[in-house]
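Please look through the sequence and the model below, and keep both in view while you read. The paragraphs that follow go from the backbone to charged side chains, and then to what a database record says.

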Amino acid sequence: MATINDNYLKLKAGYLFPEIGRRVNAFAQANPDAKIIKLGIGDVTEPLPEACRTAMIKAVEEMGDRASFKGYGPEQGYTWLLEKIAAQDFQARGCEVDASEIFVSDGSKCDTGNILDIFGNNNIIAVTDPVYPVYVDTNVMAGNTGSANDKGEFEGLVYLPITAQNNFTAEIPSQKVDLIYLCFPNNPTGAVATKEHLKAWVDYARANGSIIFFDAAYEAYITDAELPHSIYEIEGARECAIEFRSFSKNAGFTGTRCAFTVVPKNLTAKAADGSDVELWKLWNRRQSTKFNGVSYIVQRGAEAVYSQEGQAQIKELISFYLENAKIIREKLTAAGLAVYGGVNAPYVWVQTPNSLSSWDFFDKLLHTCNVVGTPGSGFGAAGEGYFRISAFNSRENVEEAMKRITDRFTS
C-alpha cells in the first residue's frame with residue numbers, strides 16, 4: 001500500500017493566502033455589490049516593462065524559425081543573461097560574484113524551498129518571527145521539524161522575534177544554529193538591514209560554520225545609498241551565504257516567472273564523515289536533475305531588464321510602488337495608527353488598533369471598508385497584533401482604500 005509523507009500532516013489547515021482567499025470569497029458571495037480592494041498578497045499590478053515585452057516578442061518570433069529555434073537550454077541559465085546579472089547586480093556594487101555562480105530559476109519562492117534538498121535533516125534552523133511562511137512550511141514538509149504548538153511554532157525551529165522593540169531586525173541568537181533565513185528588505189515588516197547588522201550575522205555564521213539563506217527579492221526598493229542590496233557587499237559573506245533574487249517585484253515577472261540564486265563556489269558544508277563539500281556542486285547537480293531551466297523567451301525578457309531602456313522603465317515601476325507605499329504609510333499614520341516599513345520596501349506593517357487580533361482586524365477592514373490586507377499572525381506568533389498592507393496595486397485603488405480606512409478610523 002502506498003504511503004504519504006506524514007510531515008505534510010503537521011502543516012496548518014491552510015496556507016495563509018488560501019485562507020485569505022476563502023474569507024474574501026465568502027464575503028464577496030454574501031455581498032455581491034461590494035467593491036473589494038485587495039492589498040494583501042504581494043502580487044504586482046502594472047504591465048511588464050516595454051523593453052521586456054519587446055524582447056520576448058522577438059524571442060517568440062525566433063522560435064518560429066528553424067535557424068533560431070531553441071530547444072532545451074542550459075539548466076543554469078543562458079550565459080548572456082548570467083553575465084549581465086553578475087556585472088550589473090553584483091560586480092557593479094563591488095561584490096565578487098561570477099556568472100558561473102548564478103543559477104536562473106522560475107522563482108525565488110521555489111528556490112528557498114528547494115535549497116533544502118542539498119542540506120541534511122539534522123541542522124538547527126533559525127527563522128525570524130514573523131517570517132515569510134514558505135521558509136517554515138518547506139522545512140516542515142522536509143521533516144526538519146516536530147509538531148506545532150498552540151501558537152503555531154514548530155518544534156525544532158529556533159524563532160528570532162522581530163518587533164518594534166528591536167526595530168524589526170533579528171538579534172544574533174545565543175545558541176548555535178546551522179541554517180539561518182534572513183530577508184531584507186523584510187517581508188512582511190518592510191524593515192531593512194544596515195551593513196553593520198548584516199556584518200554581525202556574517203561574523204556569527206563564519207564563527208559557527210552556519211549558512212545564511214539571504215532572500216533579497218525586494219532589494220530594488222532600497223533607495224537609501226547607505227543600505228546594502230546584497231549580502232555579498234559584506235566582507236566574508238561568500239564563505240557563509242546563499243542569496244536569492246527575483247524579477248517578480250522589480251520587473252513585474254510574478255506571472256512570467258524568472259529568478260536566480262547565487263551559490264559561491266568556495267562555499268562549503270560538512271558531509272557525514274566530516275569532510276567539506278562544495279555546495280555549488282550539489283546545487284548544480286540538483287538543478288540539472290530536477291529542473292530543465294527557464295524558457296528561452298522568458299530569459300530574453302529578463303535580459304532586457306539590464307538594457308538602458310529596461311533600467312529606466314524598471315526605475316519608474318519601483319518609484320510607482322514606493323509612492324503607493326508612501327501614501328499608505330502617511331494616510332494610516334495620520335489616522336492614528338502605528339505604522340512601520342514602507343520606506344525602502346513595498347510593504348507597510350501596521351499595529352492593529354484597540355488590541356484587536358490580526359484576524360479580527362482583517363475581518364473588520366474587509367467588512368467595514370471592503371479592503372483586504374494580510375493578518376500579521378499568519379507570518380508567525382510574533383506577528384500577532386500586526387497587519388501587512390501591500391503597495392502593489394493601482395494608484396486609484398490605493399488612494400480609495402486609504403480614504404475608506406481613514407474615514408473609518410478617524411471618524
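Proline 130 lies in the loop between strand β3 and helix α5 (133–141), where helices (H or I, at least four residues) and strands (E, at least two) are DSSP runs numbered from the N terminus. The bond that joins aspartate 129 to proline 130 is a cis peptide bond, with omega about 5°. A cis bond also leads from asparagine 187 to proline 188, here with omega near 25°, and proline 188 is placed in the loop between β5 (179–183) and α6 (195–208).

The structure is a predicted model, in which local features need pLDDT of at least 70 and side-chain atom pairs count only at pLDDT 80 or more, while totals for chains, interfaces and linings use all residues. Residues are numbered from 1 along each chain as its sequence is written, and side-chain values use heavy atoms, with hydrogens and water left out.

Phi can also be positive in a residue other than glycine, as in arginine 257, where phi is near 70°. Arginine 257 sits in the loop between α7 (248–251) and β8 (259–262), and it counts as partly exposed because its relative accessibility is 29%; buried means under 20% relative accessible area, exposed means over 50%, and partly exposed is in between (1.4 Å probe, protein chains only). Asparagine 354 has a positive phi as well, near 55°, and its place is in the loop between β12 (347–351) and α11 (358–369). With a relative accessible area of 70%, asparagine 354 is exposed.

The next topic is charge. Side chains of opposite charge can pair when their charged atoms come close. A search of the whole structure finds 19 salt bridges, each being a side-chain nitrogen of Lys or Arg within 4 Å of a carboxyl oxygen of Asp or Glu. One of them links arginine 23 with glutamate 19, whose closest N and O atoms are 2.9 Å apart; both residues lie in helix α1 (residues 16–30), 4 residues apart, which is about one turn of the helix. Arginine 23 is partly exposed, at a relative accessible area of 23%.

Glutamate 101 and arginine 238 form another salt bridge, with 2.7 Å between the closest N and O atoms. Because glutamate 101 lies in the loop between α3 (79–90) and β2 (102–105), and arginine 238 in the loop between β6 and β7, this pair ties together parts that are 137 residues apart in sequence. Glutamate 101 counts as buried at 4% relative accessibility, and arginine 238 is buried as well, at 17%.

In helix α12, aspartate 407 and lysine 403 are 4 residues apart, so about one helical turn separates them, and their side chains meet in a salt bridge (3.0 Å, N to O). Aspartate 407 is partly exposed at 40% relative accessible area, as is lysine 403 at 48%. Salt bridges that share partners also join Glu19, Arg22, Arg23 and Asp363 into one network.

The last topic is the UniProt record, whose positions are given in the numbering used here, with feature names shortened, and whose annotations may be inferred rather than shown by experiment. UniProt, in an unreviewed entry, places the feature "domain: Aminotransferase class I/classII large" at residues 35–405. Over residues 35–405 the chain is 35% helix and 16% strand, and the end C-alpha atoms are 14 Å apart.

For "binding site", the unreviewed UniProt entry lists Tyr15, Gly42, Lys109, Tyr132, Asn187, Asn292 and Arg388. Are two of these residues, Lys109 and Arg388, to be found in helices or in strands, and which places do they take? Lysine 109 lies in helix α4 (residues 108–114) and is partly exposed, with a relative accessible area of 43%. Arginine 388, by contrast, is found in strand β15 (residues 386–390) and is buried, with a relative accessible area of 1%.
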